[in-house]
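Please look through the sequence and the model shown here, and then follow the sections below.

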Amino acid sequence: MRAPFRSAVITGASSGLGASLAVAYAGPEVALGLVGRDRERLDGVAGTCMAAGAVVETAALDVADDIGMEQWLTAFDREHPVELIIANAGTSAGTDPGAAFEPGAVTTRQIAVNLVGVVNTVAPLLPALCRRGQGRIAIVASVAALRGLPYSPGYCASKAGVRAYGEALRPLLEQQGVGVSVVCPGFFTSRMTDRWEGPTPFLYSGERAARRVKRGIDCGRRRIEFPLPLVLGMRFCDLAPALLGDEIMRRFHFRIRAA
Ligand SMILES: NC(=O)c1ccc[n+]([C@@H]2O[C@H](COP(=O)([O-])OP(=O)(O)OC[C@H]3O[C@@H](n4cnc5c(N)ncnc54)[C@H](OP(=O)(O)O)[C@@H]3O)[C@@H](O)[C@H]2O)c1
């Protein structure tokens, strides 16, 4: 399914890419279901979307809460049959400076939000989308899904998992009339990038990244990956002998400050 979409669910809509996409999709005769945790920021985005003419419902929910997500999503879908899901909520962390490894709890939390949270967003709506035989699902991964980065194992694992989930769903759901776009952006400005200390090659503005993602979703692209030099670099490191890829990746020092 391609744009225009009359009903969309967007997670991580309280800031960054999700907030920009919410505003971009808002308009008359559009219903938006917006999910985030920060009630104040979420209400701010909802207000902007309503001013553009959209009907908006918000949920201050943790995407890792499977029961809460299922209840809210199915109730929203009953009122506003969903045509577009943007599973975008995400969190990032990494190793502390000088630390030899990332603590297990930090790794599993990222997997709970970035991978299980996407499943919690998509799976409850699959029966309705397949029954209606239409809809589009956009799954936000990252170029970090293309090759593990040594200083953020949990983030890379979660994004590789979510990318694989989207790539697996796509050919399966296409037979039911439901399209899947797997989104792998490189760096763009946002609250998440504000906590990043290290190089940010080919950095996009948040607005430019949102325009790029929206354009890809609207024309039904199966993969939305940018910027090309970074995508090619990550793919090269994955295809190269592991020793060479590891050596290149180790030089790419960065630190992600705690939220
Ligand atoms: N920025 C980059 O360079 C970059 C690059 C590649 C991929 N990405 C991915 O793009 C997506 C959007 O990131 P962003 O850069 O726009 O970051 P952001 O400004 O920090 O936005 C992240 C959003 O996810 C929400 N979120 C985080 N944990 C959540 C949870 N447990 N439950 C519900 N919502 C949660 C946040 O809501 P609250 O603040 O209300 O909790 C916020 O709305 C993420 O999946 C990220 O991994 C970002």
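How many nonpolar, polar and charged residues does the shell around the ligand have?

## The shell around the ligand

In this predicted model, the shell around the ligand has 13 nonpolar residues, 11 polar residues and seven charged ones. The ligand is surrounded by 31 residues, and the closest of them are Ser14, Ser15, Arg37, Tyr155 and Ser190.

Several helices take part in this shell, for at least two of its residues are supplied by each of helix H1 (16-25), helix H4 (104-122), helix H6 (153-174) and helix H7 (191-194). The most is given by H7, which contributes three residues to the shell.

## The packing of H9 and H10

Two packed helices are described by the angle between their axes and by the distance between the axes. For helix H9 (residues 228-239) and helix H10 (residues 242-250), the angle is about 135° and the axes are 7 Å apart; the two helices are therefore oblique to each other.

On the H9 side the contact is made by Met234, Phe236 and Cys237, and on the H10 side by Leu244, Gly245, Ile248 and Met249. By class, the residues of this contact divide into six nonpolar and one polar, with no charged residue.

## Two backbone features

Most residues other than glycine have a negative phi, and most peptide bonds are trans. Glu29, although not a glycine, has a positive phi of about 65°, and Glu29 lies in the loop between H1 and strand E2 (31-36).

The peptide bond from Phe226 to Pro227 is cis, its omega being near -10°. Pro227 has its place in the loop between strand E8 (223-226) and H9.

Methods
Residues numbered from 1 in each chain as written. Predicted model: local features only at pLDDT ≥ 70, side-chain atom pairs only at ≥ 80, totals over all residues. Heavy atoms only, no water. Axes fitted to C-alpha atoms, helices over the stretch in contact; angles between N-to-C directions. Helix = DSSP H or I, 4+ residues; strand = E, 2+ residues; numbered from the N terminus. Parallel < 35°, antiparallel > 145°, perpendicular 65-115°, else oblique. Contact = heavy atoms within 4.5 Å. Nonpolar A, V, L, I, M, F, W, Y, C, P; charged D, E, K, R; others polar. Near = heavy atom within 4 Å.
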